[in-house]
Amino acid sequence: MRIGTGLLLLWLLIGVLAAYQRHYFENHNDSCAATGTVVVTVVAGPLNYLGANPKVHHCKVPQPSK
């Protein structure tokens, strides 16, 4: 259990490093697509360094009720 948790944290840390290197945290764009791109980059983890470049282009968020 501890090894799995450690590997998961390492995976996510590598994803955060990839997002940081791509300057995703410097942009203060609060769009759904920008947030989605950061999230999928972090989740992709080391795959970013194997050529994966995940991006979210279209994002539909439900409108609040009136």
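Is cysteine 32 buried, partly exposed or exposed? In this predicted model, cysteine 32 has a relative accessible area of 28%, so it counts as partly exposed, since that value falls between the 20% limit for buried and the 50% limit for exposed.

Cysteine 32 has a partner. Together with cysteine 59 it forms a disulfide, with the two sulfur atoms 1.7 Å apart. The structure holds 1 disulfide. This pair links distant parts of the chain: cysteine 32 lies in helix H2, which runs over residues 32–44, while cysteine 59 lies in the segment after H2, 27 residues away. Cysteine 59 is partly exposed as well, with a relative accessible area of 35%.

The other helix to consider is H1, residues 2–21.

Which residues of H1 are buried? They are Gly15, Ala18 and Ala19. These residues cover an arc of only 100 degrees around the axis, and therefore sit on the same side of H1. The spacing can be understood from helix geometry: an α-helix has 3.6 residues a turn, so residues three or four places apart point the same way. On the face of H1 turned away from the buried side are the exposed residues Arg2, Ile3, Leu9, Leu13 and Tyr20. Histidine 23 follows H1, and its phi is positive, near 60 degrees.

What do the buried residues of H1 pack against? They pack against H2.

Tryptophan 11 is another residue of helix H1. With 34% relative accessibility, tryptophan 11 counts as partly exposed. Again leaving aside neighbours within four places in sequence, its contacts are Val42, Val43, Ala44, Gly45, Pro46 and Leu47. Of these, Val42, Val43 and Ala44 fall within the range of H2, residues 32–44. Lysine 60 lies 49 residues from tryptophan 11 along the chain, and the C-alpha atoms of the two are separated by 28 Å.

How values were computed. Residues are numbered from 1 along each chain as its sequence is written. This is a predicted model: local features need pLDDT of at least 70, side-chain atom pairs count only at pLDDT 80 or more; totals for chains, interfaces and linings use all residues. Side-chain values use heavy atoms; hydrogens and water are left out. A disulfide is a pair of cysteine sulfur atoms within 2.5 Å. Helices (H or I, at least four residues) and strands (E, at least two) are DSSP runs, numbered from the N terminus. Buried means under 20% relative accessible area, exposed over 50%, partly exposed in between (1.4 Å probe, protein chains only). The expected span of a helix is 1.5 Å times one less than its number of residues. The arc is that of the directions from the helix axis to the C-beta atoms. Contact means heavy atoms within 4.5 Å.
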